[in-house]
Amino acid sequence: MHTIKRLFLFAGYDKNGILNDALVYYLSQLNKFGDIVLVRDSDCDKSELARVKPYCLYVAAARHGEYDFGSYKRAFIWATEKANLSNYDFMYMVNDSVYGPLFDIGEYLNKMESLGTDAFGMVKKTGGKFEHIQSWFIGMTQTIFLSKWFNDFIMSVKKVEHKTMVTELYENGFTRNLNENKIAWQCLYNIYNRGIY
């Protein structure tokens, strides 16, 4: 029987360089279901990083100013060079902007992976100008993460002037690339604008 192999590219940030207990818990739970590459857009003491090393393949922390997608890019580069991406069935981009999991996250991973699409996420944002997968939990199959277009997309991430540009270029941009490449995508939940709050 084939055991599903997952790789989580995990982006983190804290202005004080702290890895709080909620993040340590989140990583400890994700670690039960796959390998984690953690990159933080903040400087951290080695003592802080030591708290999460038991749950991660690799941990890096340095201020780069490219927000979550800059961390996803750096995690992807490391994984491309040091891990055999073709060994993984699914790759996820996950960040620390939510608390949890409150329930067994394996159930939700299985639900997303059973949607029958090559791209999927926890939440789809509807309303506004552009429907997209919210970037705090995006999953994909090899069809995407081994593709040239995804490599080109993630490697194009750079520092931009405003956070709204990050949303437009990268969060919306990922879903826009899916649509342009005629790749179906779904999410477990839909929210209208900021209705989730």
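Start by selecting Glu-113 and Arg-6: they form a salt bridge, with the closest N and O atoms 2.6 Å apart. (A salt bridge here is a side-chain nitrogen of Lys or Arg within 4 Å of a carboxyl oxygen of Asp or Glu.) Glu-113 sits in helix α4 (residues 105-113) and Arg-6 in strand β1 (residues 6-12), so this pair ties together parts 107 residues apart in sequence. (Helices are DSSP runs of H or I with at least four residues, strands are E runs of at least two, and both are numbered from the N terminus.) Glu-113 counts as buried at 13% relative accessibility, and Arg-6 counts as buried at 7%. (Buried means under 20% relative accessible area, exposed over 50%, partly exposed in between, with a 1.4 Å probe and protein chains only.)

A quick note on what's on your screen: this is a predicted model, where local features need pLDDT of at least 70 and side-chain atom pairs count only at pLDDT 80 or more, while totals for chains, interfaces and linings use all residues. Residues are numbered from 1 along each chain as its sequence is written, and side-chain values use heavy atoms, leaving out hydrogens and water.

Next, pick Arg-51 and Asp-21, another salt bridge, at 2.5 Å between the closest N and O atoms. Arg-51 is in the loop between α2 (46-49) and β3 (58-61), and Asp-21 is in helix α1 (residues 21-30).

Last stop: in α3, select Phe-69, Tyr-72, Lys-73, Phe-76 and Ile-77, which meet Phe-150, Asn-151, Phe-153, Ile-154 and Met-155 in α6 (contact means heavy atoms within 4.5 Å).
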